[in-house]
Amino acid sequence: MKIDYLIKNGTIIDGSGDNRYEADILISDDQIVSILSKDQKTVKINDENYNLNDLSFNNIIDATSFIIAPGFIDVHTHDDQNIFIDRSMSCKISQGVTTCIAGNCGISLAPFDYSGDVPAPIPLLGDKDAYRFSSVSSYKNAFNNSPSSINISLLTGHSMLRVQVMNGEINRGATKDEIIKMQNILENSLIEGSIGLSTGLAYPAANNAPTEEIIELAKVLKKYNGIFTTHMRNEGDNLVESVNETIKIGKLADVRTVISHHKCAGRSNWGKSKETLKLIKEAKKEQNLDLDCYPYTASSTMLLKHFVDRADKVLVTWSDKVEDLKVNDINTIAKEFNCTTDDLVDKLYPAGAIYFQMDDEDLNRIISFDGTMIGSDGLPGDKHPHPRLWGTFPRVLGKYSREMKLFSLEEAIYKMTFKSAKTFGLEKRGLIKKGYFADLVIFDPNIVIDKATYEKPLTPALGIDTVINNGQIVWQSMKSLEIYSGKFLEGKSFN
Ligand SMILES: [Zn+2]
């Protein structure tokens, strides 16, 4: 019997949160076919019993002193277009990530059938040429014809529905007719493989949508077991009100709900996580509610006035108007341009920024909260991105688990694997278990750490030895093998 891979001498942390154990793993095709304990002499594969001596292996990986974990799941990404531009997806694979959830914050590359100018934050995903997918089917087909090294799952963005149905008139709530049209597009998207609905209520494209508009749309999800994720209306002064709004939407639409990149933005709002987490904990008793976060105290998105106003410090990272703009503090650039920061925002738009505006204590509290998932929120289209794009997962393992000891390595891995697969309904992912897909990361627990910084954000992390996606090695010895084994993962109920 020929087996594709034997991974031997490693320590398994299986993603469930259970304690680590020593065992070998057998992989054939895209699946884990067996997990062998040390003294095992025979193995059952496809209902046949084999003596271990009768097996031969195409490849043997020695994982001595390494941890073997399920491939990490980045639950909050904007990789919709990046999977076509950089098929190796090195920014994620280098961290041990094997699956990305795209279409977050109300913006998704599909479905979108609109040729007018698009409001913020839609340009984050790419320029006009990027918006070529009028349906989720066309997006899925494009990916299947030219897959990346990573698996991708797609949420349907509320802002995309608004802009196309309301013909760009986004500064109001949708009419009843428009809501019905949006519901129809959303329903088709779910049928074609989208896993749910995302909103970006803090942004101009969706800020005028009343709560009722979101509830009516979210109601469509239930029949398809879709998920509702939200970049809430406000993450600063009205943070608590926004958490309450989210709880209300989830409850009235009766849908699984995820609060995206939970944070307390702006110095005057530091400490509010005590209250928000209490609200979330209470609501969880009656409804399906979860959250994700990234391990940094700076955020990043488009350069927008209301975000600039509440941040301690703002780095402007790109501008379509000033191509050769050097990354710098907004005040320094405003001086160079001899204008106010408000005028500068207008001059540079569309532009991007990094906002230093959160407190470590809130972050520590949120990331340690029972069941908080990890999502990078990285912006791959940014020439000088926030370091979270290349550093999020190793940073959680190295800094927050190993160095700060906020939680065990087993719990850290649960937050980025099985918890995420369960929540988003990704079948047979997120666990090291016989019959599950062979998405695996092999890393050195003693040295794993992020290396990307605000100055040098494109630096790969240390300590990630080998990454396997759907049974094929995609990253090894600090480089991509340019193997494109990713799959489009459709929404399904989780067993
Ligand atoms: Zn967001």
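**A buried threonine and other sites**

Modeller: Thr372 has 0% relative accessibility, so Thr372 counts as buried (buried means under 20% relative accessible area, exposed over 50%, partly exposed in between, with a 1.4 Å probe and protein chains only). This is a predicted model, where local features need pLDDT of at least 70, side-chain atom pairs count only at pLDDT 80 or more, and totals for chains, interfaces and linings use all residues. Residues are numbered from 1 along each chain as its sequence is written, and side-chain values use heavy atoms, with hydrogens and water left out.

Biologist: Where is Thr372 found?

Modeller: Thr372 is in the loop between helix H12 (360–368) and strand E21 (373–374). Helices (H or I, at least four residues) and strands (E, at least two) are DSSP runs, numbered from the N terminus.

Biologist: What lies 2.8 Å from a polar atom of its side chain?

Modeller: The backbone oxygen of Ile366. Leaving aside neighbours within four places in sequence, Thr372 is in contact (heavy atoms within 4.5 Å) with Leu291, Asp292, Cys293, Ile366, Ile367 and Lys415.

Biologist: Change of topic. Which residues coordinate the zinc ion?

Modeller: Cys105 through SG, His231 through ND1 and His261 through NE2, at 2.0 to 2.2 Å. Donors are N, O and S atoms within 2.8 Å of the metal (3.2 Å for Na, K and Ca); water is not among the atoms, so sites may look incomplete.

Biologist: How are the donor residues spaced in sequence?

Modeller: The spacing is C-x125-H-x29-H. His231 lies in strand E14 (residues 227–231) and His261 in the loop between strand E15 (256–259) and helix H8 (273–284), so the pair ties together parts that are 30 residues apart in sequence.

Biologist: Is His231 buried or exposed?

Modeller: His231 counts as buried, at 4% relative accessibility. His261 is buried as well, at 2%.

Biologist: And Ser299, where does that lie?

Modeller: In strand E17 (residues 298–302). Ser299 has 7% relative accessibility, so Ser299 counts as buried. Its side chain makes a polar contact with the side chain of Gln357, at 2.7 Å. A polar contact is a pair of N or O atoms within 3.5 Å; within protein, one must be able to donate a hydrogen and the other to accept it, and residues adjacent in sequence count only if both atoms are side-chain atoms.

Biologist: What else does Ser299 touch?

Modeller: Not counting residues up to four places away in sequence, the residues touched by Ser299 include Lys263, Tyr294, Tyr355, His386 and Arg388.

Biologist: On to rings. How many aromatic pairs are there?

Modeller: The count comes to eleven. Rings of Phe, Tyr and Trp (its six-membered ring) pair if their centres lie within 6.5 Å; planes under 30 degrees apart count as stacked, over 60 as edge-to-face and the rest as tilted. Among them, Phe112 and Tyr114 form a tilted pair, 5.9 Å centre to centre with 50° between the planes. Phe112 and Tyr114 are buried. The ring centres of Phe307 and Tyr355 are 5.8 Å apart and the planes are at 80°, so that pair is edge-to-face.

Biologist: Which elements hold Phe307 and Tyr355?

Modeller: Phe307 lies in helix H9 (residues 305–310) and Tyr355 in strand E20 (residues 351–356), so the pair ties together parts that are 48 residues apart in sequence. Both Phe307 and Tyr355 are buried.

Biologist: Which residues do ring pairs link into a cluster?

Modeller: Phe84, Phe133, Tyr139 and Phe488.
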